[in-house]
Every structure is written in C-alpha cells, then in structure tokens.
Amino acid sequence: MTQPLTRRDRIAEILTRELAPSVLEIYDDSARHAHHAGAKALGNPGETHFNIAITSAKFDGLNRIARHRLVNGLLAGEFETGLHALSLVLHGETTP
C-alpha cells in the first residue's frame, strides 16, 4: 500500500513540475508555530508553516512581488487545505 504524500512532498512535486528549479530547499517550520492561535485553529499538528528557497529561470524578469504571487498561486490548493504560511527566498537564474 502506498503512503499518502506529505504536504512537503506535494509542495516539492508542484514546484519541481512548474518551476523546474535548479535549487529547491523546503524546511517544515511548523513546530515553531504550533503554539500560535492560527495554527491551533487549523487543528493540524504540523505541516502548516514552511521556509522555501527556490532558484529558477521562471523567475527571470519577474520582480519580487510577481515571484511571490507565482509561488502562492501554484500552492493555492495547499493553502485551502491547511497550509498557513510560507517564508520564501526566490531567485532567478540570471537575476538575484
């Protein structure tokens, strides 16, 4: 029987498929936020807060806001099912 994908796995799958990153680092930071009222209200013991660093050519020519909007849009389904917050460091291949 196949284990269901974790949120981290799903995020990695989506970002890899859509952004073809040369660098993708995903760190689950949920434990540091478990005491927050927002996290408690979700009733989810983990996988609510992530730090993500991505380097992708898809970010070339996009400003910081556009890069963040792109990633947040790609992960909209995760936000609908319990993802609460992302800390993003996003770089293009040719532009920081």
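1. Buried means under 20% relative accessible area, exposed means over 50%, and partly exposed is the range in between. The model discussed here is predicted. Arg10 has a relative accessible area of 27%, so Arg10 counts as partly exposed.

2. A search of the whole structure gives 3 salt bridges. One of them joins the side chains of Glu78 and Arg7, at 2.6 Å from N to O. Glu78 belongs to helix H4 (residues 76-80) and Arg7 to helix H1 (residues 7-19), so this pair ties together parts of the chain that are 71 residues apart in sequence.

3. Arg10 also forms a salt bridge with Glu78, with an N to O distance of 2.8 Å. This pair again links distant parts of the chain, with Arg10 in helix H1 and Glu78 in helix H4, 68 residues apart.

4. Another salt bridge brings together the side chains of Glu18 and Arg17, at 3.1 Å from N to O. Glu18 is partly exposed, with a relative accessible area of 34%. Arg17 has 53% relative accessibility; the cut-off for exposed is over 50%, so Arg17 counts as exposed.

5. The next point is the packing of two helices. Two packed helices are described by the angle between their axes and the distance between the axes. For H1 and helix H3 (residues 64-74), the axes come within 10 Å and cross at roughly 125 degrees. The crossing in which H1 passes H3 is right-handed.

6. Which residues of H1 and H3 meet? On the H1 side they are Ile14, Leu15, Glu18 and Leu19, and on the H3 side Leu70, Val71 and Leu74. By type, the residues of this contact divide into 6 nonpolar, no polar and 1 charged. Glu18, listed in the contact with H3, is also a partner of Arg17 in a salt bridge.

7. To sum up helix H1: Arg7 in H1 pairs with Glu78 in helix H4, as does Arg10, while Ile14, Leu15, Glu18 and Leu19 meet residues of H3.

Definitions and conventions. Residues are numbered from 1 along each chain as its sequence is written. This is a predicted model: local features need pLDDT of at least 70, side-chain atom pairs count only at pLDDT 80 or more; totals for chains, interfaces and linings use all residues. Side-chain values use heavy atoms; hydrogens and water are left out. A salt bridge is a side-chain nitrogen of Lys or Arg within 4 Å of a carboxyl oxygen of Asp or Glu. Helices (H or I, at least four residues) and strands (E, at least two) are DSSP runs, numbered from the N terminus. Buried means under 20% relative accessible area, exposed over 50%, partly exposed in between (1.4 Å probe, protein chains only). Axes are lines fitted to C-alpha atoms, for helices over the stretch in contact, and angles run from 0 to 180 degrees between N-to-C directions. A crossing is left-handed if the near helix is turned anticlockwise from the far one by less than a right angle, and right-handed if clockwise. Contact means heavy atoms within 4.5 Å. Ala, Val, Leu, Ile, Met, Phe, Trp, Tyr, Cys and Pro count as nonpolar, Asp, Glu, Lys and Arg as charged, and the others, Gly among them, as polar.
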